[in-house]
Amino acid sequence: MKMTLITLAALLLTSTHTVAATQGAVTVSSAGSQPTTMGAVEYFTGTAKVDSRFKGTAPARISGGTVSFDAGARTAWHTHPLGQTLIVSSGTGWVQEWEGAAQQIKTGDVVWIPPGVKHWHGASAKQPLVHIAISETLEGNTVTWMEKVTDDQYPQ
């Protein structure tokens, strides 16, 4: 009986290990291994650069990247179907939801934008901003872009 339980336990451990090994492997994308892309003029005002883009493999829905905004640069108004998290890694900037007051964001802040909330974010007028943006895909969509933030809407 003892030998049978030990053999069964060994088989279960081997089976579990085999299943885990066939589900995929950990991947590392080295810093600088992906090209920097410029924020499209249709969706950004000023200079914004996107680095370290990532996208999960199904069933994961996560995606994101590091966005660097020059002073005064910002996104257009937009929404995310499953929300968005911003982690500010350096600088000072703004985030604002439609018909709400702009809120200052700075190094170390974490911002949660709920699903479907129309908003924008970017650098302050005098300082650059870098943040990591994380969102999820729903039915192939991570963002819906809208009109640009006007100079009157942007805090000076």
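The legends below describe close-up views of a predicted model. Residues are numbered from 1 along each chain as its sequence is written, and side-chain values use heavy atoms, with hydrogens and water left out. Because this is a predicted model, local features need pLDDT of at least 70 and side-chain atom pairs count only at pLDDT 80 or more, whereas totals for chains, interfaces and linings use all residues.

View 1. K118 lies in the loop between β9 (110-113) and β10 (119-123), where strands are DSSP runs of E of at least two residues, numbered from the N terminus. The residue is buried, with a relative accessible area of 19%; buried means under 20%, exposed over 50% and partly exposed in between, for a 1.4 Å probe and protein chains only. The side chains of K118 and E147 are joined by a polar contact of 2.9 Å, that is, a pair of N or O atoms within 3.5 Å of which, within protein, one must be able to donate a hydrogen and the other to accept it, residues adjacent in sequence counting only if both atoms are side-chain atoms. Setting aside residues up to four places away in sequence, K118 also touches W77, H78 and W98, among others, contact meaning heavy atoms within 4.5 Å.

**View 2. The nonpolar cores.** The largest nonpolar core has 15 residues, and F69, I105, V111 and L129 have the most contacts inside it; such a core is a set of buried Ala, Val, Leu, Ile, Met, Phe, Trp, Tyr and Cys residues joined through side-chain atoms within 4.5 Å. At least two residues of this core come from each of β3 (48-55), β4 (62-69), β7 (84-97), β9 and β11 (129-136), and β7 gives the most, with three. A second, separate core of five residues includes W77, W94, W120 and V149.

**View 3. Strand pairing around β11.** β11 pairs in the antiparallel sense with β4 over eight bridges and with β7 over seven bridges, two strands being paired if DSSP finds at least two bridges between them. G65 stands opposite A133 in β11, while the bridge partner of Q84 in β11 is S135.

View 4. Most residues other than glycine have a negative phi, and most peptide bonds are trans. A cis peptide bond, with omega about 15 degrees, joins A58 and P59, and P59 is found in the loop between β3 and β4. S52, in strand β3, has a positive phi of about 50 degrees although it is not a glycine, and is partly exposed, with a relative accessible area of 42%. E139, in the loop between β11 and β12 (144-145), has a positive phi near 50 degrees and is exposed, with a relative accessible area of 80%.

Note on methods: Helix = DSSP H or I, 4+ residues; strand = E, 2+ residues; numbered from the N terminus.
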